[in-house]
Every structure is written in structure tokens, then in C-alpha cells.
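Hi,

Here is the structure I promised to pass on.

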Amino acid sequence: MIIRTVILTLKPESVAEFLDLFHQAFPSIQAFPGCQHLELWQDIKWTNIVTSYSIWTSTEALESYRQSAVFKTTWSAVSTCFAAPAVARSNRSLYPSSE
């Protein structure tokens, strides 16, 4: 299991556009083979900072998604909203043990 977080700093004037684009892409991302869970979080103080949180069955499933038309189309659309480069992290749970 892979836990993926991607922190995105948005242009303040692009937050609504980003949220609309993410809302449109959400069903396709969530239905992608290997995606077990998907959420979008918004910072309480800095509302132009959002974090996507997703759980994938494997690194291969995540990489397959990252090479897909779904990802490329979504990333191309949302990246115009960015004020800074995205910060992505792939993690695995150590405790409690997922095995």
C-alpha cells in the first residue's frame, strides 16, 4: 500500500478554478485501477494551499496512473493554477502495521 500526498500552493485567485477542475477529475481518479482512496484537504489558515491524499495498492498502480491520460489531462489543466512547484511524497505505513 502506498500513501501519496501532494501539497499544492495555488494562486489565490485560482483556488475556485482549481477546486472546480479537481471536482470534475475526482471520479476518474478515484475509479483508476489501484486507487483505493482519494481526498483533497485545504489548509485552514492558508486557503490557497491544498493537499491531495490518496492510497494506492502499489507503486506500480501509482506509476500507471501517473503515466495515464487521466493524470496528464488533469495535471495539464490544474497546473495553470499553481503559484509554486508541487511537493509530492510517497509513503508506506509503519505503525500500526499494515501487514
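**What turned up**

The side chains of S54 and W56 are joined by a polar contact of 2.8 Å (an N or O pair within 3.5 Å; within protein, one must be able to donate a hydrogen and the other to accept it, and residues adjacent in sequence count only if both atoms are side-chain atoms). Before you read on: this is a predicted model, where local features need pLDDT of at least 70, side-chain atom pairs count only at pLDDT 80 or more, and totals for chains, interfaces and linings use all residues. Numbering runs from 1 along each chain as its sequence is written, and side-chain values use heavy atoms, with hydrogens and water left out.

S54 sits in strand β3 (strands are DSSP runs of E, at least two residues; helices are H or I, at least four; both are numbered from the N terminus). S54 counts as buried, because its relative accessibility is 6% (buried is under 20% relative accessible area, with a 1.4 Å probe and protein chains only). Beyond its neighbours within four places in sequence, S54 is in contact with I2, I3, R4, H37 and L38 (heavy atoms within 4.5 Å).

Now for helix α1. V15, F18, F22, A25 and I29 are buried there, and their cover includes β1 (2–9), β2 (35–42), β3 (49–56), α2 (59–66) and α3 (69–78). α1 also bends by about 35 degrees at Q24, with a proline, P27, following within four residues (the angle between axes fitted to the seven residues ending there and the seven starting there).

As for cysteines, C35 is buried at 12% relative accessible area, and C81 is buried at 0%. The structure has zero disulfides (pairs of cysteine sulfur atoms within 2.5 Å).

Cheers

Note on methods. Buried means under 20% relative accessible area, exposed over 50%, partly exposed in between (1.4 Å probe, protein chains only).
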